[in-house]
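Open the model in your viewer and keep the selection panel at hand. The stops below follow one another, each with something to select.

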Amino acid sequence: MKRNIIRYTAGLLMITGLISVSSCKKILDLQPHNSTFTNAYFTNGTDANTAIAGAYALLRSVLLNNYSFHVYGDATTSEFSINSGLDDANYNISNGEFTGLNVGPGIWNWLNYYQLLQQINLIINKVPSIPINKFSNQDDKNQIIGEAYYLRAFTYFYMTRVWGDVPLKLQPDLDVSQAVNIPRTPAADVLKQCLADLKIAESNLVFGYADESQRAVRANKGSAFALEAHITAWTHDYAACEQATAQVINNGQYHLVTDTSQFSKIFIGKSVEGIFEINIDYQQSEGISLNYYGYAPTIAFPFVAQKSNLEWPVSTLYVNTLFKDTTDLRYKKYFFQAQSTSGQTIKYSNITYADGSAKNDPRLSNNIIIFRLADIMLLRAEALNQLGRDGEALTLLNTIRSRAGIANYTGAGNALARTILEERLRELFYEGQSFYDLVRTKQIGNSSSSFISDYSHINDTRVNQGGYLWPIDPTMFKDDFVLKQTPYWQGKL
């Protein structure tokens with residue numbers, strides 16, 4: 001397999017007939033095709049729709065690979081007291097050790113992200129030139145173009161939070177023999193491109209869904225503004241973040257789930273609160289088999305096997321630090337036996353059995369929640385607090401607290417900022433957000449922070465050298481002489 005970072009699989013989107021929006025096949029095994037085949041493929045709206053479905057399938061595969069979505073965003077924050085005897089690789093990660101014998105290239109390697117980007121870049125390159133009369137209507141064409149730009153912005157933003165500087169490639173390799181390696185692009189420039197892509201996405205997408213079955217699992221204008229809000233918060237452009245969050249909250253398309261009996265349905269997916277999610281729905285042949293997939297030993301497996309097999313028990317220290325009020329709805333809805341050394345989160349426990357009453361073939365059927373309304377409301381509260389508009393920030397914060405059944409907060413300034421962050425850590429527990437929230441708000445590397453006291457070894461020096469970022473797989477340097485390792489990780493792998 002080629003290891004150089006850009007010379008991957010030109011024409012990767014050639015998956016016609018293999019992928020639909022509601023199916024997930026082995027698409028990374030496909031062979032590359034030449035530019036003649038690529039040009040012949042993009043001829044009508046059906047081709048374009050199949051291509052964008054393929055991009056979503058690739059994104060799903062990327063985020064599920066070694067359950068990296070939760071490894072990057074959750075395992076790193078001490079949310080769990082990972083069992084070293086059952087999961088020694090992620091035990092190291094939970095201690096801030098992003099390297100080691102058991103922390104493998106599957107976590108360090110960005111190969112599959114550039115396979116996804118090859119797919120997206122082909123769509124951006126080819127779909128605009130398909131005649132409009134080859135689509136069902138102009139809106140269909142615009143939607144696909146908007147989704148492609150959204151997915152490219154999301155992928156690059158995600159990568160910069162994991163690795164920092166990454167090679168920025170905006171054109172597809174139509175001929176693999178002509179592909180060249182390019183150096184890492186400064187993260188700031190990558191994020192500028194993400195925002196530029198989102199402006200195009202927003203101009204092509206609309207709020208709402210013509211087909212409600214696609215709610216949240218396909219991007220729309222709300223998804224684009226939510227992503228813009230996260231990028232601008234990450235860069236501390238809180239004025240722009242405030243404007244983007246307002247677009248999401250004020251358009252009337254999203255609503256908090258206030259019926260507490262329906263609260264768990266947020267995490268099954270496609271709720272009125274959902275803004276962007278990755279489809280994992282057994283009814284649409286998208287469920288994850290718990291007999292072999294990575295989610296099984298970490299979270300879902302205890303629901304279908306003995307509790308003693310739990311690899312990721314929740315950290316009682318973490319839970320007790322954040323959930324001092326145990327009447328909190330989320331304490332009841334998120335955890336099972338939270339005070340036990342074998343306590344677990346029950347956010348993702350929607351298990352269906354493919355073989356019915358025999359119960360030998362369990363499938364997880366919970367979407368990966370990327371953005372939802374509560375997240376954006378709290379992000380807006382953060383922005384408003386940073387802009388000196390504490391009264392407005394309190395209104396949003398207390399709306400979330402009221403739903404959870406806990407008392408309103410009345411503080412201001414830095415104390416309010418800390419409370420908003422704590423609220424995000426409570427509300428978004430195990431949603432792949434916590435580590436990035438702590439980095440963005442400068443709690444990682446802050447010796448005075450008490451959010452995760454056992455994480456103090458990621459000190460200011462390590463942070464300043466990029467030590468909060470993940471190292472790049474050393475095997476990728478073999479054929480790529482322009483690639484440079486992140487300074488902190490040089491000589492440590």
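What covers the buried residues of helix 10? Select helix 10 and look around: the cover includes helix 9 (221–234), strand 1 (274–278), helix 15 (373–386) and helix 18 (434–440). Helices (H or I, at least four residues) and strands (E, at least two) are DSSP runs, numbered from the N terminus.

**Ground rules**

This is a predicted model, in which local features need pLDDT of at least 70, side-chain atom pairs count only at pLDDT 80 or more, and totals for chains, interfaces and linings use all residues. Residues are numbered from 1 along each chain as its sequence is written, and side-chain values use heavy atoms, with hydrogens and water left out.

**Whole chain**

Colour by pLDDT (the predictor's confidence in each residue, from 0 to 100). The protein chain averages 84, and 83% of the residues score at least 70. Now select residues 1–37: here the pLDDT is below 50, yet this stretch has 101 contacts in the model beyond near neighbours in sequence. Contact means heavy atoms within 4.5 Å. Residues 292–297 also have a pLDDT below 50, with 17 contacts beyond near neighbours in sequence.

Switch to cartoon. The protein chain shows 19 helices and seven strands. Of its 493 residues, 59% count as buried. Buried means under 20% relative accessible area, exposed over 50%, partly exposed in between (1.4 Å probe, protein chains only). Take the contacts in the protein chain with a separation of 6 or more: residues 24 or more positions apart account for 69% of them.

**Helix 10**

Return to helix 10, residues 238–250. Its end C-alpha atoms are 18 Å apart, which agrees with the 18 Å that 13 residues should span at 1.5 Å a residue. The expected span is 1.5 Å times one less than the number of residues. Show side chains for Y238, A240, C241, E242, A244, T245, A246 and V248; these are buried. Then step to G252, which follows the helix and has a positive phi, near 80°.

**Helix 9 and E228**

Select E228, in helix 9. Is E228 buried or exposed? E228 counts as buried because its relative accessibility is 9%. Leaving out residues up to four places away in sequence, E228 touches L195, L198, K199, E202 and A244.

**Helix 7 against helix 9**

Two packed helices are described by the angle between their axes and the distance between the axes. On the helix 7 side, show Y150, A153, F154, F157 and R161. On the helix 9 side, show S223, A224, L227, H230, I231 and W234. These residues make the contact.

**Helix 16**

Move to helix 16, residues 390–404. Its 15 residues reach 21 Å from first C-alpha to last, close to the 21 Å expected. Its buried residues include D390, R401 and R403. Their cover includes helix 11 (265–268), helix 14 (329–334), strand 7 (368–372), helix 15 and helix 17 (413–427). Just after helix 16, G405 takes a positive phi of about 80°.

**Last stop: S94**

Select S94, in helix 4 (residues 88–94). S94 counts as buried, at 7% relative accessibility. Draw a distance to D74, 20 residues apart from S94 along the chain: the C-alpha atoms are separated by 8.5 Å.
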